[in-house]
Amino acid sequence: MIVEPGDLLELVDPDLRALAAQSYGSGLTVETLPAARTPPATLPAPAPAPQPAFRRIPGAGDAPDVRLMVIDGTGGREGRPAYVYMHGGGFVAGSLEGSTLMLQAVSAACRCLVVSVDYRLAPETPFPGALEDNFAALRWVYDNAASLGVDRARIAIGGGSAGGGHAAMLALAARRRGEVPICHQHLIYPMLDDRTGSSREPSEQVGRYIWTSQANRFGWGALLGHPPGGATAAEGAVPAREEDLRGLPPTFIGVGGLDLFIDENIEYAQRLIAAGVRTELLVAPGAFHGFDVFAPQAGVSVRFRAASLAALSRGLGVADEGTAA
């Protein structure tokens, strides 16, 4: 059955239809990767918004130093929670600066120290390079909690899209290594399963906007160093392939109902629940991948962000202020 773009628009939230019409069938390819890696420059929100600071920490082993962006929306309060964040970009693009405005709002609303990681990108650095960068950042926050004014018992991790996938990988690695406890993982339409769009065909109405099956194959192939969807993958590289999810931190997963990742996100949430992990799943009807980023003023985006911030505040042990950002 051939599905026409006009037929799918009826399923899209009305506030998102103009964007959907513009982005139908679009997606990341090797040809568009250079442009994706040079997004328009954005400036941080001015004070009184918390201002970003940048620093470098040692990488793991012989790996290069890892660049971090640190935002403190607590006013220097001691015993504050920390949120280690990984940006999106399909494993192959994205940067610290691209998330500055959003993380300034998160830091202020959730009264936490945000540490965003400039992990190395694929395909130049395949798995596990980015995982080791992210773990180095997590370990740095934990080891330096006293000087950072951070409560070691309230360190959360999270990210959006590929960043959500990296966060899920990091949670699995932290459980396996047993060095750093994580109080919460916050996964926004996370990229969890290399089989989606390759050996597993998605439903016809999902993955038609912003992030497609083709883009997913490209991103996962770049990270894994081989075509995705095969019988096996490197241990710890694909969260959805992890057989045992017991002992992972409490989890929030938010995703749009038309997102390519809807099935893998729901399945992961179900498996976490079955494994005894306290899990919250939010599905935004009529929303596709990245909707809240590309249409931030849409009602569905405002509601999604408010629910996400409330869940993150709870995960960090901060009273919910009911603030949308």
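What follows is a conversation about the sheet, its helices and a few single residues in this predicted model.

Colleague: In what order do the strands of the open sheet lie?
Modeller: The sheet is open and has eight strands with mixed pairing. Strand 1 (52-57) and strand 8 stand at its edges, each with a single partner strand, so one side of each is left without a neighbour in the sheet. Neighbouring strands are turned by 20° against each other on average, with direction ignored. Read across the sheet, the strand order is 1-2-4-3-5-6-7-8.

Colleague: Which residue in strand 4 is the bridge partner of Ala 82?
Modeller: Strand 3 pairs in the parallel sense with strand 5 (residues 150-160) over six bridges, and in strand 5 the residue opposite Ala 82 is Ile 155. Strand 3 also pairs in the parallel sense with strand 4 (residues 113-118), here over five bridges. On the strand 4 side, the bridge partner of Ala 82 is Leu 113.

Colleague: What is the handedness of the β-α-β unit that strand 3, helix 4 and strand 4 make?
Modeller: The two strands of this unit, strand 3 and strand 4, run parallel and share five bridges, and helix 4 belongs to the unit together with them. Seven of the seven residues of strand 3 are buried, while five of the six residues of strand 4 are buried, so strand 4 is largely enclosed by the rest of the structure. The β-α-β unit is right-handed.

Colleague: Which residue of strand 4 stands opposite Met 86?
Modeller: Strand 4 is joined to strand 2 (residues 66-72) by six bridges, and these two strands run antiparallel. In that pairing, Leu 68 has Val 117 as its bridge partner in strand 4. The residue of strand 4 that stands opposite Met 86 is likewise Val 117.

Colleague: Is Asn 134 buried or exposed?
Modeller: Asn 134 is found in helix 5 (residues 129-143). Leaving aside neighbours within four places in sequence, Asn 134 is in contact with Met 86, Val 117, Tyr 119, His 166 and Leu 170. Because its relative accessibility is 0%, and a residue under 20% is classed as buried, Asn 134 counts as buried.

Colleague: At about what angle to strand 6 does helix 11 run?
Modeller: At 1.5 Å a residue, the 17 residues of helix 11 (residues 299-315) should span 24 Å, and the end C-alpha atoms are 24 Å apart, which agrees. Its buried residues, among them Val 300, Phe 304, Leu 309 and Leu 312, are covered by elements that include strand 3 (80-86), helix 4 (100-110), strand 6 (184-188) and helix 10 (291-294). Helix 11 lies across strand 3, strand 6, strand 7 and strand 8, and its angle to strand 6 is about 165°.

Colleague: Which residue of strand 8 stands opposite Ile 253?
Modeller: Strand 7 and strand 8 run parallel and are joined by six bridges. Helix 9 (residues 262-274) lies across both of these strands, running at about 160° to strand 7. The residue in strand 8 that stands opposite Ile 253 is Leu 281.

Colleague: With which side chain does the side chain of Asp 292 make a polar contact?
Modeller: Asp 292 has its place in helix 10 and, at 12% relative accessibility, counts as buried. Apart from its neighbours within four places in sequence, Asp 292 is in contact with Tyr 189, Ser 301, Phe 304 and Arg 305. The polar contact of its side chain, at 2.6 Å, is with the side chain of Tyr 189.

Colleague: Which helices do the buried residues of helix 8 pack against?
Modeller: Helix 8 (residues 213-224) reaches 16 Å from its first C-alpha to its last, close to the 16 Å expected at 1.5 Å a residue. Ten of its twelve residues are buried, so helix 8 is largely enclosed by the rest of the structure, and the buried residues include Phe 218, Trp 220 and Leu 223. Just after helix 8, Gly 225 takes a positive phi of about 80°. The buried residues of helix 8 pack against helix 3 (33-36) and helix 7 (162-177).

Key:
Residues are numbered from 1 along each chain as its sequence is written. This is a predicted model: local features need pLDDT of at least 70, side-chain atom pairs count only at pLDDT 80 or more; totals for chains, interfaces and linings use all residues. Side-chain values use heavy atoms; hydrogens and water are left out. Helices (H or I, at least four residues) and strands (E, at least two) are DSSP runs, numbered from the N terminus. The expected span of a helix is 1.5 Å times one less than its number of residues. Buried means under 20% relative accessible area, exposed over 50%, partly exposed in between (1.4 Å probe, protein chains only). Contact means heavy atoms within 4.5 Å. A polar contact is a pair of N or O atoms within 3.5 Å; within protein, one must be able to donate a hydrogen and the other to accept it, and residues adjacent in sequence count only if both atoms are side-chain atoms. Two strands pair if DSSP finds at least two bridges between them. A crossover is right-handed if, with the strands pointing away from the viewer, the path from the first strand over the helix to the second runs clockwise. Axes are lines fitted to C-alpha atoms, for helices over the stretch in contact, and angles run from 0 to 180 degrees between N-to-C directions.
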